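Have the structure open as you read.

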Amino acid sequence: MHGSHDIHSSDLIATLRFSQQATMILDRHPETSSFFLPSSAPENPEEYGKTEQLFFSSLQTGDDKSAQRCLDRLTQRFGPSNERIMGLHGLYKEAIAEDSSALERCLREYDNQLLENPVNLPVLKRRVALLCAMSRPTDAITALIKLIETTPTDAEAWCELSSLYQSQGMYSQAIFSLEEVLLITPNAWNIHACLGELLYICASSPETQAPHKLLARSLRFFCRSIELCDNYLRGLYGLTLVSSLLLQDQHSKYLPQDHLVAQPEDTPLKSTILELNAVAVKKLHRILQAQPMNYQGREYSQSELIAAKELLNQFHGSH
């Protein structure tokens, strides 16, 4: 299971460097020392956090021995029945699993633990992650729904549920899940953009009726993402794409031309869309001019910049 985490290259380097210090850090505080239970000073919660971080880093870099030592120390301090410790033990067993049978045993152990405590959140989350890793999306969706019933304000769980629904082509459910996220975190500009993308995908389906209505809704979410984060490239990309599509003949005929004419709900004026398109295109050009493709310290990834350049060339030609 090593390497299953999607880690950015710079984060991976930092993780590797930290994990390489594992033996030195652990040997500096032998298991028999008062590292966790000092006799003359209050406990330092930061030390526990560092040990847990070292545990994750060791697992991600394949240093199972150091990960086990970290886990033993945390277990010694907090006890094996601690819910968070139970989740860490499950993660360790998943990481060292050599085949699908071993993963199935992990899953059965989670099921047994949840029989004793159905609201054990760390174990509930590990079970969902394991089902996803085992390519069992339907079961993972069911497990996530149970998790959300326990913690309905868990925005991360709603995001994961939306992603799973989308992977199964269940777009209305995916959209609903992201709308729930925005009820919890209304100023999350990235979620506004994700919702705009989902609506765009739905509008692009040949089975969709009145796609211009979905594109109009998508436009509003991209606008909100940029309102919350002015130079958010993903939001600007989406706004440029969707506004350009709405201005094409097959969609623009549905757009109201005059504010004096009654307009359908959530459908902006054509003149408004023209203005939004011009603003988005201008901002994208400004970002591309300020972020050279070959500059390693750039704010945006090279793939994002290339995609933005191709979009501008597609709809507006090279400027």
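This is a predicted model: local features need pLDDT of at least 70, side-chain atom pairs count only at pLDDT 80 or more; totals for chains, interfaces and linings use all residues.

## Starting at Leu233

Beyond its neighbours within four places in sequence, Leu233 makes contact with Leu284, Ile287, Tyr300, Glu304, Leu305 and Ala308.

## The nonpolar cores

A second, separate core has 13 residues, among them Leu59, Ala67, Leu91 and Tyr92. Leu233 itself belongs to the largest nonpolar core, which has 65 residues. Which members of that largest core touch the most other members? They are Leu130, Leu144, Leu161, Leu233, Leu246 and Leu284.

As background, nonpolar side chains in soluble globular proteins tend to be buried together.

## The view around Arg127

Now turn to Arg127, which sits in helix H7, spanning residues 121-133. Setting aside residues up to four places away in sequence, Arg127 touches Leu107, Tyr110, Asp111, Leu114 and Ala143.

How far apart in space are Arg127 and Asp139, C-alpha to C-alpha? The distance is 9.9 Å, and the two are twelve residues apart in sequence.

## The whole protein

Stepping back, the secondary structure consists of 16 helices and zero strands. The protein has 319 residues, and 39% of them are buried. Its accessible surface is about 17,900 Å², with 52% of that belonging to carbon and sulfur atoms.

Contacts also reach along the chain: of those between residues at least 6 apart in sequence, 57% join residues at least 24 apart.

Note on methods:
Residues are numbered from 1 along each chain as its sequence is written. Side-chain values use heavy atoms; hydrogens and water are left out. A nonpolar core is a set of buried Ala, Val, Leu, Ile, Met, Phe, Trp, Tyr and Cys residues joined through side-chain atoms within 4.5 Å. Buried means under 20% relative accessible area, exposed over 50%, partly exposed in between (1.4 Å probe, protein chains only). Contact means heavy atoms within 4.5 Å. Helices (H or I, at least four residues) and strands (E, at least two) are DSSP runs, numbered from the N terminus. Accessible areas come from the Shrake-Rupley method with a 1.4 Å probe; for residues, only the protein chains shown count as cover.
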